[in-house]
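I opened the model to look up surface patches and aromatic contacts. My entries follow.

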Amino acid sequence: MRNALFISLKDVRRAYRDPAGLAMMLLAPLVLTLLLGAAFGGEGELSLTPVPVVLVDEDGGESARSLVAGLEATGGEGLLELAPADTREQAEAAIAGGDATAAIIIPEGFSEAFSGGWSLGGASVQVELLQDPASSSGPRLVAGVLQQLISSFNGAWAAGAAAAVDAGVPGTDAMPEADGGFPAEPAGDLAAAQDAAEAAVHRFRELQAGIQSPEIESRSPRIGGADATEVSVTGAVLAGMMVFFMLIAGANGARSILEEDQAGTLARLFTTPTARAVVLGGKFLSAFLSVLLQAAILVIAGRLLFGIDWGAPVAVLLLILMGALVSAGLGVMLNSFVRTPSQAGAIASGVVVLLALVGGNFTGTLSAGGAFDVLRRLTPNGWLLEAWDLTMRGAPLAELMLPLLAVAGFSLLFFLVGTWSFRRRYA
Amino acid sequence: MSAVIQVNDLHKQFNPPDGTVAVDGVSFTVAGGEIFSLLGPNGAGKTTTISMLSCLLRPTGGEAWVAGSSIIDEPRQVRDHLGVVPQEVALYLDLNGRENLRFWGRMYRLGSDELERRIDEVLDLIGLAERQKDRVADYSGGMKRRLNIGVALLHRPEVLFLDEPTVGIDPQSRRSILDGIRDLNSAGMTVLYTTHYMEEAQEISDRIGIMDHGRMVNCGTHAELVKLVGEETRVNVSVEGDPEKVAKRWEGLAGVRMLSREGSDVRLLVKDSQDAIPRLFQQAERAGSRLTAITVEEPDLEDVFLHLTGRELRD
C-alpha cells in the first residue's frame, strides 16, 4: 500500500505542476463563479431559492384577497413559495419547525380599514411579517415584495382618488371597490372627494409604514432544519462549478493511467516488484487525491474570496470526500472503456457535461422542480448538489445521509466497473 | 556456470486462436554473468520474448525461469531479481532526473537511506550527476536513454534485460551505453540484450540468438555462427554499366550467391574467391559492363542471417 501512496503522490505532484491543469482545476471554477455569481445577482446576498412563506388571511375581505393575489403572482415568478395557514399560531409553528422562513399575517379589519379610509373613519391596520431570526435575506425579500405591492395599491388608489377630485365627483365617502379593492368610480362632491383622497393617501401611508417596519416576532433560532439559512448566489454557483470541475478533474486524474500506458511507464511499473493491483490502486488513489485537494482549495477559496458559508465543517468534509470519491470513480470507469488519452478526453468531456446538464451543475444548487428534480437524482452530481444545498442551509448530518449514501452507491458502482475493466485489460 | 535464464519452447499468440503468432517455440539458456543477445529484424519476436520473460505478457505455451523462478508461477520473485530497460524511454519527463530515480527506486522497494545512496551511485554511473535537478524533458536523447538504463540498475538486479537500448541515439551515446553494459557485466550482472544492429550484437555479446518470424533460427557464439556460413567469402563489387544485367549473369554461376544489390553496389557470397572473381569480371564484360571496385571480406552476422533465413537482416 505504501507504493500505491507513492504512485498517487507522484501523480498529484505532476498534476499540480502543470499550469494548464491547475487553471482547469482551480482557476476556471473560481472565475466562472465570479462571472455567474455576478450575472445572477452577485455579492451572495440575493437568494435565488424561492422563500417559503406562510400566509394567514385573518381578514378574508376583498382587499385582503387582492393582496393575496398579488403575493401569489409574485410567487409564480419563483421568488416566494406561498403556503396558506388558517391561524397565526400555525404560521408561528411553521417558522419554528423550519417549514417556512417568514409568515405574512393579514389582520382582521384590513379590508374594512381600506374602505374606511374613504370615510376618514377607518382604523389603522398593520400587515405583520413574522420571520425566522436565523434567516436574513429571505424575510428581507418578503418585506420588499410586500412593500412593492402596497405601493401599487397606494398609487392606484391615490390615482383613483385624484381622478375623482379632478372630475368633481360627489359622494366619495361611498367609494365602491372593484377589481381587487382599487377604486372604480369616484363619486361625491369635490370637497368630499378631496378629503377622501387625502384620507386614502394617509391611510395607505400608514399601511405602508406598517409594512416598512413590520412587526417582527423574535423566535429562538432553530437547531438545524433544512431551511435555517438561505444559500447565497455565489455559494450556489460555486458549489455547482466545484462539483462540475471535480468530475472533470476525476476524469483527468484517471486518464493518467492511459497516459502512462501510452508513455510506457505503466508497463515499466508492471516489471517492478510492485504488484499490478497496487499500481492500479495507486492510480485510482491519485485521481481521488487530486480531486480531494482541488475541492479543499476551492472550498477554502470560496470562503476567503466570496465569504461563502459552506455549512458545518464535518458535513463539508464529508461532502468533499464523497465528491472526490465519486469523481475519481467516474473517471476510472470512463477511462477503463477507452484505449487512448485523446479518446478518453473526448468521451469524458461529453459525459461530464451531460451529467452536469442533467444534474444541474450550471444552475448551482437551485432546484428547478418537477421532472428535473427526478432526473437530477439519476446522477451522482445531482445528489452531491442536493447535499451541498442542505449543508449550506445548515441541515443536520442526518438529513445528508440519503444523498451521501446515493453518492457512495454511485462511487462503488463506478469503481467496481472500472476496476473490473482495467483488470481485464492489464491481467 | 548454471543457467540464470532458461527458456523452454516459449510461445505467444495474440488473440488466439486466429491471432498473430509472435513467438513460436523459442528455447535458449543464458548462463550467469553472460551477455546474451537476441538479434533479428523488427517483428522477429525479440520484444515479445523479453516481455514474457519480464512477466509483462503471459506465454500461451512453454515455460521459462529467470534467476530460478518461474515466469508463470512466480512472477513476483522474478521481478525482484530483474531490471528491465524498455525499448522506448519510459520516464516522467516533467520530473527531474533525481525525482525519477527516487520514484522508481521506491517501486523497487528500496528504503529511504539506501535509495538516496543508490541514486547518487547510479547518477555517477550514468554520468548525469550534474543534471540531476533538470527536468528530463530538457535532456538530450542520449541522456534520456542513460537515465532509462539507470532506473533499472537502482536495486542492483541480478539480471538485466535491455530491449534495443540504443535505437535513435548518436554514436557517442551509443558507445557510452555499450561500454556501460560491458562494465555492468564485468561486475557479474547477467545481461539479455535485444538488437537489430548486427555490429552491437557482435561487439558486446558472449553468445547470440538469431531470431526471425518468432523463431530462434540459431544460437551460439559469434565464431560458431559465422562458421555456419561455411567456406563462403563475402565479395563486394561496384559495377559500371548495367548492374542488373550483370547481377543476373552472376546468379547463374556455380559457387556464387547473390546477397544484395543497391544501385551499382552488389554483394555476393562466393565459395572460392580465387576461382570466382575472374569469372565475375568475365561475366560483367560479356554484359557490356565493367567492375570499378572489388573487396573480399570474411562473413559477418549479416551474412549469417542471410545464410540462415535467405534474406537480409535489414529487410
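Which residues make a nonpolar surface patch of about 350 Å²? I find A:L27, A:V31, A:L32 and A:L35. A patch takes residues with over 30% relative accessible area and no salt bridge, nonpolar side chains being joined within 5 Å. A:L27 is found in helix α2 (residues 19-40) of chain A; helices are DSSP runs of H or I, at least four residues. A:L27 is exposed at 51% relative accessible area, where exposed means over 50% and buried under 20% (1.4 Å probe, protein chains only).

I note that this is a predicted model, where local features need pLDDT of at least 70, side-chain atom pairs count only at pLDDT 80 or more, and totals for chains, interfaces and linings use all residues. Residues are numbered from 1 along each chain, chains are lettered from A, and side-chain values use heavy atoms, without hydrogens and water.

Rings pair if their centres lie within 6.5 Å, and tilted lies between stacked (under 30 degrees) and edge-to-face (over 60). A:F284 and A:F415 are a tilted pair, 6.0 Å centre to centre with 50° between the planes. This pair links helix α10 to helix α15, 131 residues apart in the chain. A:F284 is buried at 11%, and A:F415 is buried at 17%.

I also logged A:F410 with A:F414, tilted, at 5.9 Å and 40°. Both lie in helix α15, 4 residues apart, and both are buried.

Last, I checked charges over rings (NZ of Lys or CZ of Arg within 6 Å of the ring centre and within 35 degrees of the ring normal). A:K10 lies over the face of B:F103, at 4.8 Å from the ring centre.

Conventions
Patches are made of residues with over 30% relative accessible area and no salt bridge: like charges are joined within 9 Å, nonpolar side chains (Val, Leu, Ile, Met, Phe, Trp, Tyr) within 5 Å. Accessible areas come from the Shrake-Rupley method with a 1.4 Å probe; for residues, only the protein chains shown count as cover. A salt bridge is a side-chain nitrogen of Lys or Arg within 4 Å of a carboxyl oxygen of Asp or Glu. Helices (H or I, at least four residues) and strands (E, at least two) are DSSP runs, numbered from the N terminus.
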